[in-house]
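User: Please examine the model shown here and take me through its sheets and its ligand site.

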Amino acid sequence: RERTVPESIDVIIVGAGFAGMYMLHRVRSLGLSVLVLEAGGGVGGTWYWNRYPGARCDVESMQYSYSFSDDLQQEWKWRERFAPQSEILAYANHVAQKFDLVRDIRFETRVVAAEFHEADSRWQIVTDKGGRFSSKFLVMATGCLSVPLAPKINGLENYRGNVYHTGNWPQKGVDFTGQTVGLVGTGSSGIQATPEIAKQAKHLFVFQRSPNFSIPARNCPISPEYEAEWKRDYSDRRKAARLAVSGILAQRGQSSALEVDEETRSKEYERRWNAGGTNFMAAYPDLLLNPDANETAAAFVRTKIKEIVKDAAVAARLTPTDHPIGSKRICADTQYYDTFNRENVTLVDLRTDPIECAIEEGLRTAGGHSFAVDSLVLATGFDAMTGAIDKVQIFGRNGRRLRDKWQDGPKTYLGLMTAGFPNLFIVTGPGSPSVLTNMIVAIEDHVDWISKCISHMVSVKANSIEPKELAENEWVATVAAEAAKTLMVKAKSWYLGDNKPGKPHVFLAYVGGLPKYQELCDQVAAEGYRGFEIA
Ligand code: NA7
């Protein structure tokens, strides 16, 4: 059968999460034709898929939102200090409606392949629906934590109960009432889901491989006064947030944790613990640089766990001792540690007794213990930063496959583009600060940069842009060197690809902070796209 001619478009964007939505909005303003291809049935990305009980943002709502439209930020009313998934998804839908985005988005359409054609410097894109498209520019807005990872559990096919992954939760929700539930994984997702599932289930077994540090979120309704305070000078606050390493406006300590006496330090940690949220780590600037400084904060949280959890043996098992606090992404919880005081919750320590296999009724450990569960919840994380890009068969110049180029770790220039793959942009790609910052700020900055770059390309009538190998290699080295200066490399974490067997052990984000990074990106553009080859 004769193939239809591919639909020809100026810019194709993959993904309709917060990155793809804003990218679409910006590209439209350039007067170019644009289309978004999205695997899900609606907008929202992360917040579309992660519908597990307790799913909530750990950046405050007033900041975890777009700043590009003052009208939008003034009109939208956040209800809670840390918005739950449903509220963020409602916000995403509101944005889509306000800016009339949906007409240029094709849902339930997954991009499976993209190939660069040198003859016309265009991308040929194929979807799982058999759709074929041709575009001048291709923007991967596919997210940093969007490909769920499930552990290989032998015999899982024999298990007769239900299996859920937090990162791909059923749309209609799950009712655990009366059920015995097993939850594997105690990262942010597991720590958020545990208290909610415990409230509903008959019994909950939490299978923990590594304990994590978590700070109470102290979520609460947003008062009209607090909202008004923000909205009075919203744009100034947004500007100030962009000057912070994480893109988050917070009170930051200035002196070393080791310069102050123990009493002062304890008071400060106590104050932050009571204030709630991950800003706890902003108490002292050297907490992620100096092991002794870090230990003061870690010790404080360990003491809290001991105070909260009544059974001393359980408290000990919940206490992290294998990594500096914050070197794995710190969690924010609502009653996580308290949940282990409930009669219907059991902590299973996989370090002493690992999962051996699944059986018909549930899980069996190496020590011969069987756990019968009606449902198994996998809160086992994501193929971070590179997963969603790797999933698409991307072929660049000379038919080179991106996955092959990146087999020893991702190589990008500024996390934005990769050599040999012209006109392919990545929003919050590997080698950018993204996952260490307020994601929405990182997204807006990247999208603005990419839009300006595309606009420049159009105005100079250029055909292609890609990084020079040298600039890219230097950036890869910079990303690694910056990470090595910190304690971030002292944990086995998804930041380093350690959560996926066989993934190269490479630090995936730029830790130098958002302001320094943004200045560099702006400079590069101002100097005629230094380090890029424009043809
Ligand atoms: P994370 O933070 O990667 O956590 C995954 C958890 O699952 C973690 O506790 C893992 O233990 C555990 N895990 C993974 N594989 C296994 C196996 N095979 N057996 C037992 N336990 C396992 O993912 P989240 O979804 O919680 O959070 C991801 C990010 O999303 C988060 O950082 C926020 O930025 C939002 P491990 O620590 O590897 O021993």
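The questions and answers below concern a predicted model.

User: Which strands form the edges of the open five-stranded sheet?

Analyst: The open sheet has five strands in the order β7-β16-β8-β9-β12, with parallel pairing. An edge strand pairs on one side only, and this holds for β7 and β12 (345-349). The edges are therefore β7 and β12.

User: What is the average twist of this sheet from one strand to the next?

Analyst: The sheet in question is the open one of five strands with parallel pairing. From one strand to the next, its twist averages 20°.

User: Which residue stands opposite Gly 182?

Analyst: Strand β8 pairs with strand β16 (residues 375-378) in the parallel sense, over four bridges. Within β16, the residue opposite Gly 182 is Leu 376.

User: What angle does the direction of α5 make with that of β8?

Analyst: Helix α5 packs on the sheet, where it touches β8, β9 (203-208), β12 and β16. Its direction and that of β8 make an angle of about 170°.

User: Which helix gives the largest share of the shell around the ligand?

Analyst: The ligand is surrounded by 20 residues, and the closest are Pro 151, Gly 185, Gly 187, Ser 210 and Gly 381. The largest share of this shell, three residues, comes from residues 188-200, that is, from helix α5.

User: How many residues of the shell around the ligand are charged?

Analyst: The shell comprises 20 residues. Seven of them are nonpolar and 11 are polar, while the charged residues number two.

User: Which residue in the turn between β4 and β5 has a positive phi?

Analyst: Strands β4 (residues 111-117) and β5 (residues 122-127) pair in the antiparallel sense over six bridges, with Glu 115 opposite Gln 124. They form a hairpin with four residues between them. The residue in its turn with a positive phi, of about 50°, is Ser 121.

User: Which residue takes a positive phi in the hairpin of β5 and β6?

Analyst: Strand β5 also runs antiparallel to strand β6 (residues 132-140), joined to it by four bridges, and Trp 123 stands opposite Ser 135. Four residues lie between the strands of this hairpin. The residue with a positive phi, near 85°, is Gly 130.

Note on methods. Residues numbered from 1 in each chain as written. Predicted model: local features only at pLDDT ≥ 70, side-chain atom pairs only at ≥ 80, totals over all residues. Near = placed C-beta within 6 Å. Helix = DSSP H or I, 4+ residues; strand = E, 2+ residues; numbered from the N terminus. Nonpolar A, V, L, I, M, F, W, Y, C, P; charged D, E, K, R; others polar. Pairing = 2+ DSSP bridges. Axes fitted to C-alpha atoms, helices over the stretch in contact; angles between N-to-C directions. Contact = placed C-beta atoms within 7 Å.
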